[in-house]
Amino acid sequence: MYEFYKKKMMNAAKIICDAFGEAIVSIRTIKRWYTNFKRDNFDIEDKSRSGRPSTIDDDSICTVINANPRISIEEVAENLNVDKSSAYLRLRELRYVLKLDV
């Protein structure tokens, strides 16, 4: 919130990412927060949304990945019988990162 008063969105994003990890917050999220802050709304929690909840169980993803850490997203999706994009999004939410083979 301190950075909000200094009016520097990019600095706020950099400071947050430096403190909590790279790409933990996007500039788009920071812009949304700034818009809310200007309206005297300092709540940064995500609002509940309607829509279909995730059908992918976190434990099953962890089991699949722990069994083979070099597994591809396509293979994860196939093992869990879900769409590739759903598997990808869930892996990102769980903070799994894609790494290239060396």
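This report describes the helices and salt bridges of a predicted model.

Local features rest on pLDDT of at least 70 and side-chain atom pairs on pLDDT 80 or more, while totals for chains, interfaces and linings use all residues. Residues are numbered from 1 along each chain as its sequence is written, and side-chain values use heavy atoms, with hydrogens and water left out.

The chain holds six helices and zero strands (DSSP runs of H or I with at least four residues for helices, and of E with at least two for strands). Of its 102 residues, 24% are buried (under 20% relative accessible area; exposed is over 50%, partly exposed in between, with a 1.4 Å probe and protein chains only).

The whole structure contains three salt bridges, each defined as a side-chain nitrogen of Lys or Arg within 4 Å of a carboxyl oxygen of Asp or Glu.

| Salt bridge | N to O distance |
|---|---|
| Asp-58 and Arg-90 | 2.7 Å |
| Glu-74 and Lys-84 | 3.0 Å |
| Arg-90 and Glu-93 | 2.2 Å |

Glu-74 lies in helix α5 and Lys-84 in helix α6, so this pair ties together parts that are 10 residues apart in sequence. Glu-74 is partly exposed at 43% relative accessible area, and Lys-84 is partly exposed at 45%.

A network of salt bridges links Asp-58, Arg-90 and Glu-93. Within it, Arg-90 is buried, with 16% relative accessibility, whereas Asp-58 is partly exposed at 28% and Glu-93 is exposed at 53%. Arg-90 and Glu-93 are three residues apart in helix α6, a separation of about one helical turn.
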